[in-house]
Amino acid sequence: MHNICFLLATGFYTGKVKNAPGTFGTLVAVILMLLTFSFGITVKFFIFIILFVAGIIVSEYYEKYYGLNDPSEVVIDEYASYYMVLMFVPFALIDVLLTFFLFRIFDIAKPYPIRKLENIGGGVGIMLDDIVAALYTLGIYYLVRIFV
């Protein structure tokens, strides 16, 4: 069970990359979307819910097991949240690049209330801050698409 939690929490070890683990973890969502591209939105939403709930559980476990607070190698929050973004945008290169860039900006900068949500702590805090970054991403993406 420990190995499964470790594998999921670290995004199949992408979170162990020394530089920019969150960015590499976010790329896992693109791979997941490629694998589930032909599925309907209902199935994709169900996959997202599974990722979100699993994210709370495995990130909480990882934090407690290693005695770390929001460890950078835990990237299930990135790939679950960015997968959610990809459910609501066309899976075209320009859209994926734009939302990827926006998501990483919001995840790194953590504008209000993202940082506050991160302070909740545990698996819930780890997951919620990235969900809000994903919602910001979708909001800005749709504003940009209106004018471009």
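This is a predicted model: local features need pLDDT of at least 70, side-chain atom pairs count only at pLDDT 80 or more; totals for chains, interfaces and linings use all residues.
Axes here are lines fitted to C-alpha atoms, for helices over the stretch in contact, and angles run from 0 to 180 degrees between N-to-C directions. Helices (H or I, at least four residues) are DSSP runs, numbered from the N terminus. Residues are numbered from 1 along each chain as its sequence is written, and side-chain values use heavy atoms, with hydrogens and water left out.

**View A. Helix H3 against H7.** Helix H3 (residues 41-66) packs on H7 at about 135°, with the axes 7 Å apart. That makes the pair oblique (angles under 35 degrees count as roughly parallel, over 145 as roughly antiparallel, 65 to 115 as roughly perpendicular and the rest as oblique). The crossing is right-handed (the near helix is turned clockwise from the far one by less than a right angle). On the H3 side, look for Phe48, Phe52 and Ile56 among the contact residues; their H7 partners include Val124, Met127 and Ile131 (contact means heavy atoms within 4.5 Å). By class, this contact has nine nonpolar, four polar and two charged residues (Ala, Val, Leu, Ile, Met, Phe, Trp, Tyr, Cys and Pro count as nonpolar, Asp, Glu, Lys and Arg as charged, and the others, Gly among them, as polar).

**View B. H5 against H7.** Here the axes come within 8 Å and cross at roughly 135°, so H5 and H7 are oblique to each other. This crossing is right-handed.

**View C. H2 against H4.** H2 and H4 pack at about 45°, axes 8 Å apart, which makes H2 oblique to H4. The crossing is right-handed. Gly22, Gly25 and Ala29 are among the H2 residues in the contact, and Glu78, Tyr82 and Leu86 are among those of H4. The contact has 10 nonpolar, four polar and one charged residues.

**View D. The largest pocket.** Its volume is about 210 Å³. Of the 16 lining residues, the closest to the centre are Gly22, Ser72, Glu78, Asp107 and Lys110. On a 1 Å grid over the protein atoms alone, a pocket is an open set of points where a 1.4 Å probe fits, with protein on both sides within 12 Å along at least five of seven lines, and lining residues have an atom within 4 Å of a point. Grid points are joined across faces, edges and corners, and the volume is the space filled by probe spheres set on the points. H5 gives the most to the lining, three residues. The lining has five nonpolar, two polar and nine charged residues.

Key: Helices (H or I, at least four residues) and strands (E, at least two) are DSSP runs, numbered from the N terminus.
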